[in-house]
Amino acid sequence: MSKPDMINKPPHYNQFGIECIRAIEASMSKLEFEGYLKGNIIKYLWRFRYKGKALQDTKKAKYYLDRLLDTLEEQEDAELLYLKATSGHTRQAQVYRKEK
């Protein structure tokens with residue numbers, strides 16, 4: 001039997017096939033979730049030398065940092081798609097106004 005991944009998928013954070021972090025994310029706005037991730041990064045880096053599990057806590061901080069980076073990249077991608085989708089409409093509206 002393989003050892004549980006205590007960094008990325010701790011079994012005690014999974015109930016009925018739902019990961020706790022997914023439920024937390026669903027309950028918050030994007031900005032609130034970013035704050036949650038930032039708080040966890042700070043928490044794990046703040047105490048990594050004091051619990052006796054420095055490597056594990058540093059990896060947990062990295063996990064939350066990676067989640068924050070993923071969240072920001074997804075938002076940036078969505079914004080770029082929105083700008084691409086709307087940029088043609090804006091140009092068409094400007095051309096239409098100039099022709100009148």
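User: Why does Leu65 count as partly exposed?

Analyst: Buried means under 20% relative accessible area, exposed means over 50%, and partly exposed is in between (1.4 Å probe, protein chains only). Leu65 has 38% relative accessibility, so it counts as partly exposed. You'll find Leu65 in helix 3. By the way, this is a predicted model: local features need pLDDT of at least 70, side-chain atom pairs count only at pLDDT 80 or more, and totals for chains, interfaces and linings use all residues. Residues are numbered from 1 along each chain as its sequence is written, and side-chain values use heavy atoms, with hydrogens and water left out.

User: OK, and what makes Phe16 exposed?

Analyst: Its relative accessibility is 82%, so Phe16 counts as exposed, given that the cut-off is over 50%. Phe16 sits in the loop between strand 1 (14-15) and strand 2 (18-19). It also has a positive phi of about 55°, although it is not a glycine.

User: What elements does the protein have, and in what order do they run?

Analyst: There are 3 helices and 2 strands, running β-β-α-α-α from the N terminus on. Helices (H or I, at least four residues) and strands (E, at least two) are DSSP runs, numbered from the N terminus.

User: Which residues of helix 2 are buried, and why are they said to line one face?

Analyst: The buried ones are Phe33, Glu34, Leu37, Asn40, Ile41 and Tyr44. Seen down the axis of helix 2, they fall within an arc of 125°, so they line one face of the helix. The arc is taken from the directions from the helix axis to the C-beta atoms. The face turned away from that buried side carries the exposed residues Leu31, Lys38 and Trp46.

User: Why is the pair of Phe33 and Tyr36 called stacked?

Analyst: Rings of Phe, Tyr and Trp (its six-membered ring) pair if their centres lie within 6.5 Å; planes under 30 degrees apart count as stacked, over 60 as edge-to-face and the rest as tilted. A search of the whole structure finds 4 aromatic pairs. The rings of Phe33 and Tyr36 have centres 5.9 Å apart and planes at 20°, so this pair is stacked. Both residues lie in helix 2, 3 residues apart, about one turn of the helix. Phe33 is buried at 2% relative accessible area, while Tyr36 is partly exposed at 23%.

User: And what makes the pair of Tyr63 and Tyr64 edge-to-face?

Analyst: Their ring centres are 5.1 Å apart and their planes are at 80°, so the pair is edge-to-face. Tyr63 and Tyr64 are both buried. Ring pairs link Phe33, Tyr36, Tyr44, Tyr63 and Tyr64 into a cluster.

User: What makes up the largest nonpolar core?

Analyst: A nonpolar core is a set of buried Ala, Val, Leu, Ile, Met, Phe, Trp, Tyr and Cys residues joined through side-chain atoms within 4.5 Å. The largest has 11 residues, including Ile7, Phe33, Ile41, Ala61 and Leu68. Helix 1 (20-26), helix 2 and helix 3 (54-99) each supply at least two residues of this core.
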